[in-house]
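Reader: Hi! Could you walk me through this structure?
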Amino acid sequence: MGTLAPEPEVTCSKKYLALGLKISGKEKSGKPRVLSLLSTLLERSVQNNESLLESSQSEDVITIFHGSRAPSLGIEQYLDRIYKYSCCSPSCFVVAHIYMERFIECTSAHLTSLNVHRLLITSVMVAAKFIDDA
């Protein structure tokens, strides 16, 4: 017997679209969904911050995480590689995002293409040490 309740996937996809997040079907190779969501979130944050810095023509706070040029590897591919080779749990990536947000808040820096990769690998490493180490 059919129900009138909307399917969970349809409801979730509407929420994702409202938040501006990518929607993908089955994740390839068993990749956790949190990686796709985190990469989309970081990519949007980088785009917004770079356009904000460009339009206001203000200087970003330079931190030790800033590189001289942006890496050729995209954020999603970088997250996939970290997940593949680090063997840390998906919860590490959530905690890593929290660490990144706290760092940015404390330093008044902006997340840009020059620092996102270095901040990401460092925060994942610290989160893995905190969560996954025995």
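Author: Happy to; we can start with confidence and then look at a helix and some side chains.
Author: This is a predicted model, where local features need pLDDT of at least 70, side-chain atom pairs count only at pLDDT 80 or more, and totals for chains, interfaces and linings use all residues. Residues are numbered from 1 along each chain as its sequence is written, and side-chain values use heavy atoms, with hydrogens and water left out.

Reader: What pLDDT does the chain average?
Author: The average is 83, and 78% of the residues score at least 70. pLDDT is the predictor's confidence in each residue, from 0 to 100.

Reader: And where is confidence lowest and highest?
Author: Lowest in helix α1 (residues 8–19), with a mean of 55, and highest in helix α5 (residues 116–131), at 95. Helices here are DSSP runs (H or I, at least four residues), numbered from the N terminus. Over residues 5–11 the pLDDT stays under 50, and the model has one contact beyond four places in sequence for them. Contact means heavy atoms within 4.5 Å.

Reader: Ok, α5 then. Which of its residues are buried?
Author: In α5 they are Val116, His117, Leu119, Leu120, Ser123, Val124, Ala127 and Ala128. Buried means under 20% relative accessible area, exposed over 50%, and partly exposed in between (1.4 Å probe, protein chains only).

Reader: How do they sit around the axis of α5?
Author: Seen down that axis, the buried residues of α5 fall within an arc of 160°, so they line one face of the helix. The arc is taken from the directions from the helix axis to the C-beta atoms.

Reader: What do the buried residues of α5 pack against?
Author: Against α2 (33–56), α3 and α4 (90–107).

Reader: New topic! How many aromatic pairs are there?
Author: A search of the whole structure finds two. Phe65 and Phe103 are edge-to-face, 5.1 Å centre to centre with 85° between the planes. Rings of Phe, Tyr and Trp (its six-membered ring) pair if their centres lie within 6.5 Å; planes under 30 degrees apart count as stacked, over 60 as edge-to-face and the rest as tilted.

Reader: Where do Phe65 and Phe103 sit?
Author: Phe65 is in the loop between α2 and α3, while Phe103 is in helix α4, 38 residues apart. Phe65 is buried at 16% relative accessible area, whereas Phe103 is partly exposed at 24%.

Reader: And the pair of Tyr83 and Phe93, what's its geometry?
Author: Tyr83 and Phe93 are tilted, 6.1 Å centre to centre with 55° between the planes. Tyr83 belongs to helix α3 and Phe93 to helix α4. Phe93 is buried at 0% relative accessibility.

Key
Helix = DSSP H or I, 4+ residues; strand = E, 2+ residues; numbered from the N terminus.
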